[in-house]
Amino acid sequence: MAKGNEKKGAKVFKTKCSQCHTVEVGGAHKQGPNLYGFWGRQSGQADGYSYSSANKKSGIMWGQDTLFDYLENPKKYIKGTKMVFAGIKKPKERNDLIAYLKSSCNAN
């Protein structure tokens, strides 16, 4: 899988994700959960956020491959998710966003 550009990914996050998500340690949940620490964790696990049962029961472990597929079309990837985002169709843009998320949300 192609490596993304973290700097470009930060711009993608700002324009497409930051309205609903935060990435910093201890960041607030918005319409979507704070994403810090989600990398390598099972979906539906952020403390204090009310996930859909579809998300909690999906068993998805978040990483490069799962995010690449999920971000293309979240509602198709997790049927019943409450994430209303339509997705990012361009593979390069998804890889850039994933590079940013991996570096900014990785608690390990």
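Let's start at N55, which touches S43, G44, I78 and T81, leaving aside residues up to four places away in sequence; contact here means heavy atoms within 4.5 Å. This is a predicted model, in which local features need pLDDT of at least 70 and side-chain atom pairs count only at pLDDT 80 or more, while totals for chains, interfaces and linings use all residues. Residues are numbered from 1 along each chain as its sequence is written, and side-chain values use heavy atoms, without hydrogens and water.

N55 sits in helix 2 (residues 53-57); helices are DSSP runs of H or I with at least four residues, numbered from the N terminus. With a relative accessibility of 8%, N55 counts as buried, a word that means under 20% relative accessible area with a 1.4 Å probe, protein chains only. A polar atom of the N55 side chain lies 3.0 Å from the backbone nitrogen of G44.

Now move along to helix 3, where T66, L67, F68, Y70 and L71 are buried. Helix 4 (74-77) and helix 5 are among what covers the buried residues of helix 3.

Finally, look for the largest pocket, with a volume of about 610 Å³. Its lining has 34 residues, and H21, G32, P33, Y70 and M83 are the closest to its centre. Helix 1 (6-16), helix 3 (64-72) and helix 5 (91-105) each give two or more residues to this lining. A pocket is an open set of points on a 1 Å grid over the protein atoms alone, with protein on both sides within 12 Å along at least five of seven lines, and lining residues have an atom within 4 Å of a point; the volume is the space filled by probe spheres set on the points.

Key:
Buried means under 20% relative accessible area, exposed over 50%, partly exposed in between (1.4 Å probe, protein chains only). A polar contact is a pair of N or O atoms within 3.5 Å; within protein, one must be able to donate a hydrogen and the other to accept it, and residues adjacent in sequence count only if both atoms are side-chain atoms. On a 1 Å grid over the protein atoms alone, a cavity is a set of points where a 1.4 Å probe fits but cannot get out, and a pocket is an open set with protein on both sides within 12 Å along at least five of seven lines; lining residues have an atom within 4 Å of a point.
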